[in-house]
Number of protein chains: 4
Amino acid sequence: MTDRLGVAVVGYSFMGKAHSNAWRNVGAFYPDVPGVTQQVLVGRDHAQVDDAARRFGWEESATDWSEVLQRDDVHIVDICTPGHLHAEIAEAALSAGKHVLLEKPLTNTVAESERLVACATEAAGAGVVSMVGFNYRRVPALAHARDLIADGRIGEVRSVRAAYLQDWLVDADAPMTWRLRKEQAGSGALGDLGSHVVDQVQFLLGDEVTSASGRLHTFVPSRPGADGSEPVTVDDAAWATLGTRRGAVASVEVSRMAFGRKNGLTLEVYGSQGSISFGLERLNELVVDTGSGGARVLVTEPDHPYVEAWWPPGHVLGWDHTFTSQAADFLAAVAVGTQPSPGFAEGLAVQRVLGAIEDSSARDGLRVEITAH
Amino acid sequence: MTDRLGVAVVGYSFMGKAHSNAWRNVGAFYPDVPGVTQQVLVGRDHAQVDDAARRFGWEESATDWSEVLQRDDVHIVDICTPGHLHAEIAEAALSAGKHVLLEKPLTNTVAESERLVACATEAAGAGVVSMVGFNYRRVPALAHARDLIADGRIGEVRSVRAAYLQDWLVDADAPMTWRLRKEQAGSGALGDLGSHVVDQVQFLLGDEVTSASGRLHTFVPSRPGADGSEPVTVDDAAWATLGTRRGAVASVEVSRMAFGRKNGLTLEVYGSQGSISFGLERLNELVVDTGSGGARVLVTEPDHPYVEAWWPPGHVLGWDHTFTSQAADFLAAVAVGTQPSPGFAEGLAVQRVLGAIEDSSARDGLRVEITAH
Amino acid sequence: MTDRLGVAVVGYSFMGKAHSNAWRNVGAFYPDVPGVTQQVLVGRDHAQVDDAARRFGWEESATDWSEVLQRDDVHIVDICTPGHLHAEIAEAALSAGKHVLLEKPLTNTVAESERLVACATEAAGAGVVSMVGFNYRRVPALAHARDLIADGRIGEVRSVRAAYLQDWLVDADAPMTWRLRKEQAGSGALGDLGSHVVDQVQFLLGDEVTSASGRLHTFVPSRPGADGSEPVTVDDAAWATLGTRRGAVASVEVSRMAFGRKNGLTLEVYGSQGSISFGLERLNELVVDTGSGGARVLVTEPDHPYVEAWWPPGHVLGWDHTFTSQAADFLAAVAVGTQPSPGFAEGLAVQRVLGAIEDSSARDGLRVEITAH
Amino acid sequence: MTDRLGVAVVGYSFMGKAHSNAWRNVGAFYPDVPGVTQQVLVGRDHAQVDDAARRFGWEESATDWSEVLQRDDVHIVDICTPGHLHAEIAEAALSAGKHVLLEKPLTNTVAESERLVACATEAAGAGVVSMVGFNYRRVPALAHARDLIADGRIGEVRSVRAAYLQDWLVDADAPMTWRLRKEQAGSGALGDLGSHVVDQVQFLLGDEVTSASGRLHTFVPSRPGADGSEPVTVDDAAWATLGTRRGAVASVEVSRMAFGRKNGLTLEVYGSQGSISFGLERLNELVVDTGSGGARVLVTEPDHPYVEAWWPPGHVLGWDHTFTSQAADFLAAVAVGTQPSPGFAEGLAVQRVLGAIEDSSARDGLRVEITAH
């Protein structure tokens with residue numbers, strides 16, 4: 001494969017910036033995957049998207065994503081819009097035969113996600129590749145953790161203790177935003193943060209969550225809006241206890257009200273012969289205990305996942321490198337025509353767990369079984 | 001009060017050793033409380049208790065606790081037996097007019113605990129003092145945390161993230177013990193470890209747990225016994241989500257199967273204006289965040305609770321010092337005739353929460369309300 | 001300034017890759033500095049440099065740096081070669097009127113550095129900008145530390161405890177490399193690692209080192225070379241005690257033999273009213289103590305230096321981001337025609353301190369005064 | 001040996017309290033060593049020493065140490081006075097045939113120490129036991145570190161990075177005390193803190209320091225005294241680079257001016273096959289790296305040194321436990337008639353190193369060789 005693949009990204013704010021960074025840099029660090037051309041950046045505001053396109057290294061900008069999907073020089077569509085637009089754009093892109101990288105969450109509802117999975121499955125038959133953007137799977141420490149667990153290094157996993165804590169809503173006078181309205185955001189802390197946690201539980205263990213007991217809570221039920229006080233209609237914290245097919249139990253806590261936690265994704269996995277701990281604020285480190293104390297491993301050695309592409313030992317990576325490695329994995333799949341992981345079905349599996357947690361919360365904590373299909 | 005108070009301890013193994021240490025040392029560090037005489041150590045095996053008495057500094061040993069309760073030179077009875085004997089001995093001691101210090105848990109059942117509280121309340125009318133031995137309340141860092149919270153330093157508490165993780169049962173071939181039989185132990189990880197956690201939640205917040213949703217689990221359902229495989233009839237891990245009267249939510253996880261955690265009691269308290277974190281394996285430290293990052297405070301300054309009795313700044317305390325400080329608080333209460341905290345009613349409150357967690361688990365996680373009386 | 005500036009980088013291996021990354025990304029994150037064109041990557045091996053140029057985003061490659069210096073479409077020359085080539089290329093570039101960014105160390109000898117400073121001073125008169133690449137000055141946490149110190153937040157600085165420890169030579173059988181030959185490398189751990197430490201001491205304190213007592217040591221005096229055992233002619237560890245103009249004392253330790261330390265630059269600054277600690281392996285964190293315990297600050301807030309250009313709070317940066325921020329500062333200086341910091345004179349000041357440490361070591365530790373010029 | 005040994009402690013303030021605690025508790029935790037009677041506490045102020053004796057568990061108090069040395073019911077003399085009294089009391093006690101435990105430093109001068117070693121050597125011939133109280137040798141983590149090093153677990157030791165940092169003099173207005181007058185204290189931070197560090201270097205490595213280069217500094221040269229400003233005649237910080245007989249290099253930094261460090265003894269030992277790190281503020285922990293990352297070992301397992309005497313795994317010890325274990329080792333030596341370690345000769349070796357550091361400082365850092373005798 002010698003020709004370069006044309007990429008279009010839809011969305012140019014936070015995620016659009018992060019994904020643009022990935023496409024701009026993937027070739028420098030991953031020389032063995034297909035080369036790309038940053039063809040077009042798509043957004044609604046012409047002036048803003050044009051400015052962003054210039055800064056982020058794109059050849060062009062556009063405001064109509066449906067037109068972009070028809071271009072022959074676009075082979076990959078990377079969707080970074082808010083969640084309620086995911087299904088429509090992704091379906092159109094797949095139908096147009098474009099490979100699709102879709103930011104998490106897959107969609108805002110289980111029903112939409114199911115339809116989208118069907119669509120991706122059909123497209124896969126025609127060699128079209130699709131992937132959902134759980135970028136934390138490309139944190140070297142977490143990929144290394146998954147490998148250690150898969151290799152049996154900590155024995156049979158019995159329990160997981162997980163949390164994702166932030167504090168940007170800790171002030172009760174922080175203003176209303178669309179993220180706090182259910183009709184736009186779909187969910188609060190659970191969907192935003194819990195989706196990463198649930199994906200990691202399934203990724204790290206190579207197992208499926210099959211039951212959930214949960215509780216959602218809104219500590220600050222109304223906030224200052226443009227027209228006075230406005231009700232907050234999503235959770236600002238959530239708790240769950242999950243069961244897996246192989247018998248592990250995972251506890252999950254997510255919050256936007258945890259004073260002092262900036263990006264506090266923490267994961268502890270306890271097995272019969274060892275344990276593993278991780279914290280996203282120190283994303284180059286993994287604590288591994290197989291009987292001699294918890295060893296802090298700086299996951300920057302050449303034989304650690306993804307690391308060889310980057311820098312020598314001890315030269316730490318940051319948050320954004322995960323997106324570049326994600327793009328590389330996506331391109332590698334395109335090159336050989338296989339489906340990358342996490343595929344849309346894995347995104348749907350996460351949505352089902354989040355749905356079960358919400359159901360359980362509505363039923364005062366009663367455990368809900370998750371039927372796979 | 002110039003005369004020395006005579007003390008009898010019932011039990012001479014792990015807890016008896018720790019309590020003996022407290023009585024032997026309390027006078028050296030707390031000169032303002034009544035002096036004590038280590039009068040008699042009580043146990044069932046004559047030779048062993050006699051040997052222990054000599055080593056631990058006791059004047060005498062005895063094998064019949066009921067006789068000891070009648071002695072005029074015994075003013076304080078300190079009960080360190082297994083939980084199923086607590087109620088009988090404590091009731092007899094209170095009836096005999098002795099001040100009672102009772103190791104946690106108060107008793108193995110809510111019903112017994114309720115009877116014992118009634119008994120203590122009656123005795124209190126006659127000036128008899130009683131206290132339950134939640135020694136972690138005397139960890140300087142935790143007492144300091146409670147003070148900070150009570151002073152409003154972290155604002156209104158919204159959530160608590162708590163765990164008590166150990167690993168002594170991680171090996172599925174570890175042999176059966178009485179601690180894994182429900183009829184003797186009453187409970188597993190929940191009662192043993194969860195009781196400390198629930199007490200701390202109520203102590204730190206100065207609040208009451210009023211509802212609970214929980215799950216108990218036994219990862220290793222049978223273990224090698226004297227006569228072959230024997231069923232484990234208690235939990236080896238438990239999870240709960242608790243609600244408090246003032247609207248906070250606490251998540252609790254306890255386990256005896258958490259590889260690598262030796263005595264891993266961890267507490268994080270999140271308020272509207274700050275947060276506090278603590279880990280028992282580093283019991284001289286408290287992390288306090290009120291807006292400038294999580295500050296690691298070495299709780300060894302003279303103005304920190306209990307510290308002035310001990311050593312200069314930076315000269316750290318250990319686990320056993322908490323028992324000595326506990327004895328000092330008990331003696332101070334005896335001196336002035338007030339009831340110390342935690343009293344038996346506080347021990348009962350913990351038992352009620354543990355009971356609700358078990359009930360909820362039996363009902364598939366359904367939330368259970370805790371009616372105070 | 002609307003036209004884009006043409007950049008040439010000389011060198012395409014480790015540092016060339018890092019600097020290429022900076023030029024490729026600076027425009028995306030720093031929209032307010034002049035735009036750049038990655039004009040030409042220069043190296044000795046035609047095939048290799050051409051391949052690197054394509055991957056790293058360069059328009060062209062070249063093998064003759066002296067020709068490149070004459071090109072009108074090259075405005076900036078960024079030198080990433082080994083140290084013994086620095087002086088020659090930099091002098092030629094400055095003479096050709098090109099702005100120069102030069103990787104540290106300035107040169108391998110004090111004499112060369114002095115000549116180069118004179119050359120840069122002359123060029124500055126003609127509006128030519130020059131800068132030495134001590135990239136760690138652009139670690140947000142260290143720039144923040146410098147600001148706190150300059151603002152008097154820790155009072156008068158009394159002492160600094162600094163180290164830079166790595167372990168890549170810990171194995172006595174690790175093979176000989178050019179880095180261990182004095183004629184090529186100039187110096188060992190001292191020049192490679194100590195230069196960063198000394199620069200940080202002067203940068204953080206805004207002070208000058210004026211005396212040094214030092215010791216150099218070679219633990220493994222010979223290593224396997226191509227033709228059998230070969231002598232190691234540079235230090236593999238060094239120690240120094242430095243005095244500053246304002247009366248502070250700094251201890252410095254550097255090593256390539258410190259088992260388990262991958263990139264262990266650690267800095268502790270003690271003042272009369274506070275202290276600051278930093279470790280490069282956790283480069284997003286700064287511990288600041290002004291009286292309430294050492295607060296771990298996650299230096300990812302918008303008001304921290306450099307952070308606003310990147311990602312939201314808690315989304316950590318890596319090692320390579322420092323080069324991009326360095327390029328931005330360089331471009332900002334070019335835009336307004338001022339000299340950026342650290343200039344060549346600051347690079348020379350570091351060399352003088354390293355020279356004094358070597359002198360002292362040769363004189364059995366006797367303190368050596370550093371005369372500024 | 002069935003009879004109890006009578007102990008006299010000379011001194012009843014900080015060290016007297018710590019040593020009293022040790023004698024009061026040693027029998028409870030170390031049943032296999034000879035039992036002791038806390039016979040007499042000696043001090044100059046009758047009322048105060050009498051009060052202390054009562055609180056700390058002593059049979060009697062006395063004000064004349066020379067009389068006490070003649071008593072038949074005193075077999076052990078434990079000297080906790082200021083350093084300038086050490087030689088006189090210890091010599092008298094040894095001459096009277098008493099076993100002697102002497103708080104560090106051995107004496108204030110090398111000459112006095114040499115005379116005292118001669119005296120102890122002579123007494124040893126008559127079966128009299130003597131020991132110097134470097135209590136940190138009985139920190140389980142440090143004793144464990146020594147064992148690991150002796151077993152070759154980290155290979156050949158190449159370097160040690162050590163510090164002992166405190167902050168009680170950080171305020172320039174802190175008042176004058178006898179500890180800051182050379183004629184009484186002998187030395188400042190170097191003697192007080194550096195003695196522990198040098199002893200640990202020799203203890204951990206099983207090696208001898210044979211050369212030293214050093215620097216002493218007094219940041220605050222005068223302080224408020226009773227009669228106005230008074231000169232500080234000792235160092236308040238010191239730095240040294242030490243060489244050992246087997247070729248290791250140790251860097252040492254001590255300070256009473258290190259803002260935020262309360263009792264910051266830190267030790268890092270780097271070998272050819274591993275490294276070990278320790279910090280006294282977390283004295284139950286040892287970080288051990290033999291190739292899989294730095295493993296945090298909680299040194300509370302039964303097979304760790306001293307631990308079995310105390311509590312179950314995870315039940316951490318404090319600072320004072322080291323004195324109790326020290327007393328046990330001393331008593332064990334008395335029981336069998338061997339000389340315990342560290343003996344007076346080891347105390348003298350430390351004094352010689354401290355003396356060499358002072359000499360070097362007076363000679364502008366020039367390295368000083370330490371001739372053993």
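**C:D364.** I looked up C:D364 in this predicted model and found the residue in the loop between α10 and β17 (368–369) of chain C, where helices (H or I, at least four residues) and strands (E, at least two) are DSSP runs numbered from the N terminus. I noted that C:D364 has a positive phi of about 55 degrees although it is not a glycine.

**D:Y306.** I recorded a positive phi of about 70 degrees for D:Y306, which is not a glycine either, and I placed D:Y306 in the loop between β16 (294–298) and α9 (321–336) of chain D.

**Cis peptide bonds.** I checked the bond from C:S341 to C:P342, which is cis with omega near 5 degrees; C:P342 lies in the loop between α9 (321–336) and α10 (344–362) of chain C. I also found a cis peptide bond joining D:K104 and D:P105, with omega about -5 degrees, and D:P105 sits in the loop between β5 (99–103) and α5 (110–125) of chain D.

**Chain A as a whole.** I counted 10 helices and 17 strands in chain A. The radius of gyration of chain A, taken over C-alpha atoms, is 20 Å, close to the 21 Å that the globule rule (2.2 Å times the number of residues to the power 0.38) gives for 373 residues, so chain A is as compact as a globular protein of that length. Along its principal axes I read a span of about 55 × 50 × 40 Å for the C-alpha trace of chain A. Buried residues make up 64% of the 373 residues in chain A. Of the contacts (heavy atoms within 4.5 Å) in chain A with a separation of 6 or more, 69% come from residues 24 or more positions apart.

**Annotation.** From UniProt, in an unreviewed entry, I took the feature "domain: Gfo/Idh/MocA-like oxidoreductase N-terminal" at residues 6–123 of chain A; such annotations may be inferred rather than shown by experiment. Over residues 6–123 I find chain A to be 47% helix and 20% strand, with the end C-alpha atoms 19 Å apart.

**Conventions.** I number residues from 1 along each chain as its sequence is written, and letter chains from A and number ligands from 1 in the order in which they are written. Local features need pLDDT of at least 70, side-chain atom pairs count only at pLDDT 80 or more, and totals for chains, interfaces and linings use all residues, while side-chain values use heavy atoms, with hydrogens and water left out.

Key:
Buried < 20%, exposed > 50% of the residue type's maximum accessible area, 1.4 Å probe, protein only.
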